[in-house]
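Subject: Structure handover

Hello,

Here is the structure for you to take over.

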Amino acid sequence: EALWVATGGGLLRVPFDGGPDRWWTTFEGLPDHRLTAIAWSTGRLVVGTEAGTVVILGIEGLDAEDLEAAPEILSVSEVAAARVSDLLVEGGRIYAATWGEGVWSAAEGGPATWRPLGPDRGLQSRQITSLALLDGELVAGTAGAGLWVRSADGKARRYVERGGLAHDFVLDVVAWEGAIWAATPAGISRY
């Protein structure tokens, strides 16, 4: 029905049918208009902010014709004192990548209690660029330390340039057709 975009100026909804675009900012109740990440969960949007906050918005039943209607703020929680750079919602959990404080996880329902998934599990960088999930393994792209992969049992491993990754700075990761695709400044790698 619509494309939702997290921007530095708020939340933007662009209807596919060509209807009017709609912006939501702090004036409409968002706790921060500097949105840096967005993920979809059934009937909800999960957005991250520059200040390290995750906001869950209810959008189910939002009337596209009503220009005064706004998403319902279901919860606001502070993840870390660093920008949320990516979000992933899967299996009843929300994963937040941060630029400076690693990867965090919380249960999707109810008030969020965030816990770090970081350094003690082999995460070599606290600057996380992106997240993906493949076959129960969480994959994090990092700013200079390659790919960090955490299995469901908590064990971790890394993929780096000297092992075949195109570059240790990973711009984005995507799980697609049974593989992880990593975009780097030197090209794309597949694992």
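First, the ground rules. This is a predicted model: local features need pLDDT of at least 70, side-chain atom pairs count only at pLDDT 80 or more, and totals for chains, interfaces and linings use all residues. Residues are numbered from 1 along each chain as its sequence is written, and side-chain values use heavy atoms, with hydrogens and water left out.

**Whole chain**

The protein chain has 18 strands and zero helices. Both are DSSP runs, numbered from the N terminus: helices are H or I with at least four residues, strands are E with at least two. The radius of gyration, taken over C-alpha atoms, is 17 Å.

Of the 191 residues, 47% are buried. Buried means under 20% relative accessible area, exposed means over 50%, and partly exposed lies in between (1.4 Å probe, protein chains only). The accessible surface is about 9,400 Å² (Shrake-Rupley method, 1.4 Å probe). Carbon and sulfur atoms account for 50% of that surface. Contact means heavy atoms within 4.5 Å. Among contacts between residues at least 6 apart in sequence, 39% join residues at least 24 apart.

**Sheet β4 to β7**

Four strands form an open sheet in the order β4-β5-β6-β7, with antiparallel pairing. Two strands pair if DSSP finds at least two bridges between them. β4 (35–41) and β7 (72–78) stand at the edges. Each has a single partner strand, so one side of each is left without a neighbour in the sheet. The twist averages 20° from one strand to the next. That angle runs between N-to-C directions, on a scale from 0 to 180 degrees, with axes as lines fitted to C-alpha atoms. Inside the sheet, β5 (residues 44–49) and β6 (residues 53–58) run antiparallel and share five bridges. Arg 44 has Gly 58 in β6 as its bridge partner.

**Sheet β8 to β11**

A further open sheet has four strands in the order β8-β9-β10-β11, again with antiparallel pairing. The edges are β8 (84–90) and β11 (115–116). Each has one partner strand, so one of its sides has no neighbour in the sheet.

Go along it strand by strand:

- β8 pairs with β9 (residues 93–98) over six bridges, antiparallel. Leu 88 has Tyr 95 in β9 as its bridge partner.
- β9 and β10 are joined by five bridges. Ala 97 is partnered with Val 103 in β10. Their hairpin has four residues between the strands, and Gly 100 there takes a positive phi near 135°.
- β10 pairs with β11 over two bridges. Trp 104 has Pro 116 in β11 as its bridge partner.

β10 (residues 103–107) is mostly covered, with four of its five residues buried.

Ala 175 sits in strand β16 (residues 172–176). Is Ala 175 buried or partly exposed? Ala 175 is partly exposed, because its relative accessible area is 32%. Leaving out residues up to four places away in sequence, Ala 175 touches Ala 132, Leu 133, Leu 134 and Ile 180. Arg 190 is 15 residues from Ala 175 in sequence, and their C-alpha atoms are 9.7 Å apart.

Best regards

Key. Rg over C-alpha atoms; globule rule 2.2 N^0.38 Å.
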